[in-house]
Amino acid sequence: MKLPLNKYTSALLIGLGLPLSTFCAQATSPAKPQQLTMPVAVSYSASDYQAEEATKMFPAPADGLVQHILTLPKLANEGDYRLEIAIGRSEEVDCNKHGLSGEITQHTVKGWGYNYYQVDAIHQGPSTMMACFDKAKKTAFLTLPEKLTLAYDSRLPKVFYLPAGAQLRYRIWQASSDYQYSEAK
């Protein structure tokens with residue numbers, strides 16, 4: 001591929017140590033991550049709560065809240081992984097962009113030091129106000145604006161308390177390269 005050369009392009013190419021005649025970029029696919037065993041997710045409301053051995057120190061869900069327990073499988077190098085959490089619910093929406101509002105608070109189990117997360121209420125959030133000529137509605141998953149990114153740790157389940165009807169969605173991220181570093185000159 002030939003680039004049109006001007007003084008800025010020439011200076012950039014020379015600065016990068018590239019010849020002025022051609023410029024070629026190559027891309028490679030990232031290495032495929034190892035096959036992960038999927039996390040186990042269970043939920044309990046106040047009426048069907050069952051204390052499990054691994055989570056008996058966490059409080060039972062209050063009326064109107066559902067306890068979501070996410071148990072992560074053990075991995076060889078857990079420092080290379082992160083857990084992303086999105087909290088929301090499915091709703092019928094029109095052509096506008098819709099959102100939800102609510103606050104995710106972090107609490108600690110007294111005497112244990114274990115953290116859990118709670119959302120007391122989820123409300124309709126901001127929305128654009130465009131005219132929708134197509135009156136058809138579709139189902140969409142709307143999330144709270146705040147997402148959590150947690151360190152991957154399989155030693156203790158992640159516990160969340162959400163309002164009834166809310167959904168916890170999660171995905172696992174893996175670092176695909178080693179740390180790069182800069183040097184002082």
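The legends below accompany close-up views of a predicted model.

**Figure 1. Overview of the chain and its secondary structure.** The secondary structure of this predicted protein comes to one helix and eleven strands, and along the sequence these elements follow the pattern α-β-β-β-β-β-β-β-β-β-β-β. The protein has 185 residues, of which 30% count as buried. Among the contacts between residues at least 6 apart in sequence, 73% join residues that are at least 24 apart.

**Figure 2. Strand 10 and its two partners in the view.** Strand 2 (residues 65–71) pairs with strand 10 in the antiparallel sense, over six bridges, and in this pairing Leu70 has Lys158 of strand 10 as its bridge partner. Strand 6 (residues 115–119) and strand 10 (residues 158–163), in contrast, run parallel and are joined by two bridges. Gln118 has Tyr161 of strand 10 as its bridge partner, while Tyr117 stands opposite Phe160 in strand 10. Six of the six residues of strand 10 are buried, and strand 10 is therefore largely enclosed by the rest of the structure.

**Figure 3. The largest nonpolar core and the surroundings of Phe160.** The largest nonpolar core has 22 residues, and those with the most contacts inside this core are Ile85, Ile87 and Phe160. At least two residues of the core are supplied by each of strand 3, strand 6, strand 9 (148–151) and strand 10, and strand 3 gives the most, with five residues. When neighbours within four places in sequence are left aside, Phe160 is in contact with Val66, Gln67, His68, Ile85, Tyr117, Leu148, Leu150 and Leu168. In soluble globular proteins, nonpolar side chains tend in general to be buried together.

**Figure 4. The disulfide between Cys95 and Cys132.** The structure holds one disulfide, which joins Cys95 to Cys132 with an S to S distance of 2.0 Å. The link of Cys95 and Cys132 is left-handed, with -90 degrees about the S-S bond. Cys95 lies in the loop between strand 3 and strand 4 (98–101), whereas Cys132 lies in the loop between strand 7 (123–127) and strand 8 (138–143), so the pair ties together parts that are 37 residues apart in sequence. The two cysteines can also be described by their accessibility: Cys95 counts as partly exposed at 41% relative accessibility, whereas Cys132, at 11%, counts as buried.

**Figure 5. The salt bridge between Arg171 and Glu84.** The side chains of Arg171 and Glu84 meet in a salt bridge, with an N to O distance of 2.7 Å. This pair links distant parts of the chain, since Arg171 belongs to strand 11 (residues 167–174) and Glu84 to strand 3 (residues 81–93), and the two are 87 residues apart. Arg171 is partly exposed, with a relative accessible area of 47%, whereas Glu84, at 12% relative accessibility, counts as buried.

Figure 6. In one, the side chains of Glu53 and Lys56 meet with an N to O distance of 2.9 Å; Glu53 is exposed, with a relative accessible area of 61%, and Lys56 is partly exposed, with a relative accessible area of 46%. In the other, Asp153 forms a salt bridge with Arg155, and the closest N and O atoms of this pair are 2.9 Å apart. Arg155 is exposed, with a relative accessible area of 73%. In general, side chains of opposite charge can pair when their charged atoms come close.

Note on methods. Residues numbered from 1 in each chain as written. Predicted model: local features only at pLDDT ≥ 70, side-chain atom pairs only at ≥ 80, totals over all residues. Heavy atoms only, no water. Salt bridge = Lys/Arg side-chain N within 4 Å of Asp/Glu carboxyl O. Buried < 20%, exposed > 50% of the residue type's maximum accessible area, 1.4 Å probe, protein only. Helix = DSSP H or I, 4+ residues; strand = E, 2+ residues; numbered from the N terminus. Pairing = 2+ DSSP bridges. Core = buried A, V, L, I, M, F, W, Y, C linked by side-chain atoms within 4.5 Å. Contact = heavy atoms within 4.5 Å. Disulfide = S-S within 2.5 Å.
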